[in-house]
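Here is a short briefing for a first look. Start with the overall picture, then move to the local details.

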Amino acid sequence: MTILQLKLLTPDLLPAVVELDRLCLGGLWNQSGYQRELNSANSDLVIWTHPTYGQPLSGLQTISVEVPQTPPLPVIGIGCLWAIVDEAHITLLAIHPDYRGLGLGADLLRALLQLAQQRGLSHATLEVKPSNHIALSLYQKFGFQIAGRRKKYYADTGEDALILWLSGLPSLI
């Protein structure tokens, strides 16, 4: 068994995050894109990693889990949010395919929402493919509701995006 912890992304782990992005998201962002997010005061990047990597989550309890095997990458989960006025825009949430179904995505989403709450944000939004039933189910368990649709949003498939919205972050966590 291997222990993983939720932590903030640090620059030394950028190559591992880019590799995870390529595996899970088809190369949505490159290393300079992630570096821009690290440099932005309006972004939070949270990762699932080994206890020896990353930076502790400020003001949040560090969540640890045991996984059945040693992960192939130092980072097996990534989540990002942008703080825009009073809204948290969750831009990505990905878990390595070999580690899905263990609750890691839910813990990662919870950590992002807690960081949003610490920033004083009151709402959260994100986009998701209607065909991604697992992600849609997770978001709905957290109280996200469908607020709209972006036509042909996803370039890889031409699929629409569902716009999900969550109000009341202070009462959520």
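How much accessible surface does the protein have, and what share of that surface belongs to carbon and sulfur atoms? The accessible surface comes to about 8,500 Å². Carbon and sulfur atoms hold 51% of that surface. Keep in mind that this is a predicted model.

**Overall build**
- The protein has 5 helices and 8 strands.
- From the N terminus on, the elements run β-α-α-β-β-β-β-α-β-α-β-β-α.
- The C-alpha atoms fill a box of roughly 40 × 35 × 30 Å along the principal axes.

**Burial and contacts**
- Of the 173 residues, 50% count as buried.
- Take the contacts between residues at least 6 apart in sequence: 71% of them join residues at least 24 apart.

**Around Asp160**
- Asp160 sits in the loop between strand 7 (145-150) and strand 8 (161-167).
- Asp160 has 15% relative accessibility, so Asp160 counts as buried, the limit being under 20%.
- The side chain of Asp160 makes a polar contact with the side chain of Arg149 at 3.3 Å.
- The Asp160 side chain also reaches the backbone nitrogen of Lys152, at 2.8 Å.
- Beyond its neighbours within four places in sequence, Asp160 contacts residues including Val128, Pro130 and Tyr153.

**A nonpolar surface patch**
- Trp82, Ile84 and Val85 make a nonpolar surface patch of about 300 Å².
- Val85 lies in the loop between strand 4 (75-84) and strand 5 (87-95).
- Val85 is exposed, because its relative accessible area is 80%.

Definitions and conventions:
Residues numbered from 1 in each chain as written. Predicted model: local features only at pLDDT ≥ 70, side-chain atom pairs only at ≥ 80, totals over all residues. Heavy atoms only, no water. Helix = DSSP H or I, 4+ residues; strand = E, 2+ residues; numbered from the N terminus. Buried < 20%, exposed > 50% of the residue type's maximum accessible area, 1.4 Å probe, protein only. Polar contact = N/O pair within 3.5 Å; in protein donor to acceptor, adjacent residues only side chain to side chain. Contact = heavy atoms within 4.5 Å. Patch = residues over 30% accessible without salt bridge, like charges linked within 9 Å, V, L, I, M, F, W, Y side chains within 5 Å. Areas by Shrake-Rupley, 256 points an atom, 1.4 Å probe, with all protein chains shown as cover. Salt bridge = Lys/Arg side-chain N within 4 Å of Asp/Glu carboxyl O.
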